[in-house]
Amino acid sequence: MIPALPRHLIHALVTRALEEDLGGRGDVTSLATIPADKNANFVIKSRANGVLAGQQPADACFDQVDRDIAVTWRKRDGDILENGDVVAIVDGPALGILTAERPALNFLGRMSGIATLTRQYVTAIADTGAVVAHTRKTTPGLRAVELQAVRAGGGAYHRYGLDDAILIKDNHVAVCGGVSEAIKRARAYAGHMTRVAVEVDRLDQLEDALAAGAESVLLDNFSLEDLRAAVLLTDGRANLEASGGVNLDTVRAIAETGVDVISVGALTHSAPNFDLGLDER
């Protein structure tokens, strides 16, 4: 089961989405054409093959528009979808259903697209021992639901934001004057309870990072040869993450070098929308 997000967070996201779509006058087309007392029965159908995500915000869209709308889910987040599958049955006031339709499908399409792409990466590295993780390259304001979609696709969590882990990047190293000095300062600031990770782009920097006590090392744009050398050099002393130049054609070879984690920004910044539709039953 995919962990649920806090209800207040989903409520806030959906409120903004509905305000954006409805403006100050509401759904004038439906108000003009649909009788207020008219009930209807619809289905949400998949129009492609993929992985479902976005159930929680889609549910909230219908609920916040009209509490009398009932949504019965036939599929759950993380389930495999085939073209034509019924994802959910939506019953209730037709006016409310049609008003909530687009925001609900937008959440489902965006998140299912991320889950589907993530599953492709996860499948590509099956049985290698490595995991695929997201990055912070997310849509501003939508990180929580986008990372929930990564989980639905079988991906692993990376750091959520700047406040939950120390990750020393190349610009931090440049300003500090070197990897060892940056780690020294980070360790003095964080204390023993906070994990310290550092990004390196050369093997000699990896040696410095290990000597300075980094628990995790991000190997940025390393060649396959250098990734294999890094794994041998590290010998289990730190968690190794490969990043940069990762796509579906390269990810398997990267995983086979023996790294622990492969972070892929494309999971969230380049996932295509997944096609779902609302049709009268």
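Leaving aside neighbours within four places in sequence, which residues is Val217 in contact with? Select Val217 in this predicted model and display its surroundings: Val198, Val200, Leu206, Ala209, Ala238, Asn239, Leu240 and Glu241 are the residues in contact with Val217, once those neighbours are set aside.

Now select helix 4 (residues 94-124) along with helix 3. Their axes lie 8 Å apart, at an angle of about 165°, which makes helix 3 roughly antiparallel to helix 4. The two helices cross in a right-handed sense. On the helix 3 side, show Gln55, Pro57, Ala58, Cys61, Phe62 and Val65. They meet Gly96, Ile97, Thr99, Ala100, Glu101, Pro103, Ala104, Phe107, Leu108 and Met111 of helix 4. By class, this contact has twelve nonpolar residues, three polar and one charged.

Helix 1 contributes Ile10, His11, Val14, Thr15 and Leu18 to the contact, and helix 3 contributes Gln56, Pro57, Ala60, Cys61, Gln64 and Val65. Seven of these residues are nonpolar and four are polar, with no charged residues.

To finish, select Pro57, Cys61 and Val65 of helix 3: they take part in the contact with helix 1 and also in the contact with helix 4.

Terms used
Residues numbered from 1 in each chain as written. Predicted model: local features only at pLDDT ≥ 70, side-chain atom pairs only at ≥ 80, totals over all residues. Heavy atoms only, no water. Contact = heavy atoms within 4.5 Å. Helix = DSSP H or I, 4+ residues; strand = E, 2+ residues; numbered from the N terminus. Nonpolar A, V, L, I, M, F, W, Y, C, P; charged D, E, K, R; others polar. Axes fitted to C-alpha atoms, helices over the stretch in contact; angles between N-to-C directions. Parallel < 35°, antiparallel > 145°, perpendicular 65-115°, else oblique. Left-handed = near helix turned anticlockwise from the far one by under 90°.
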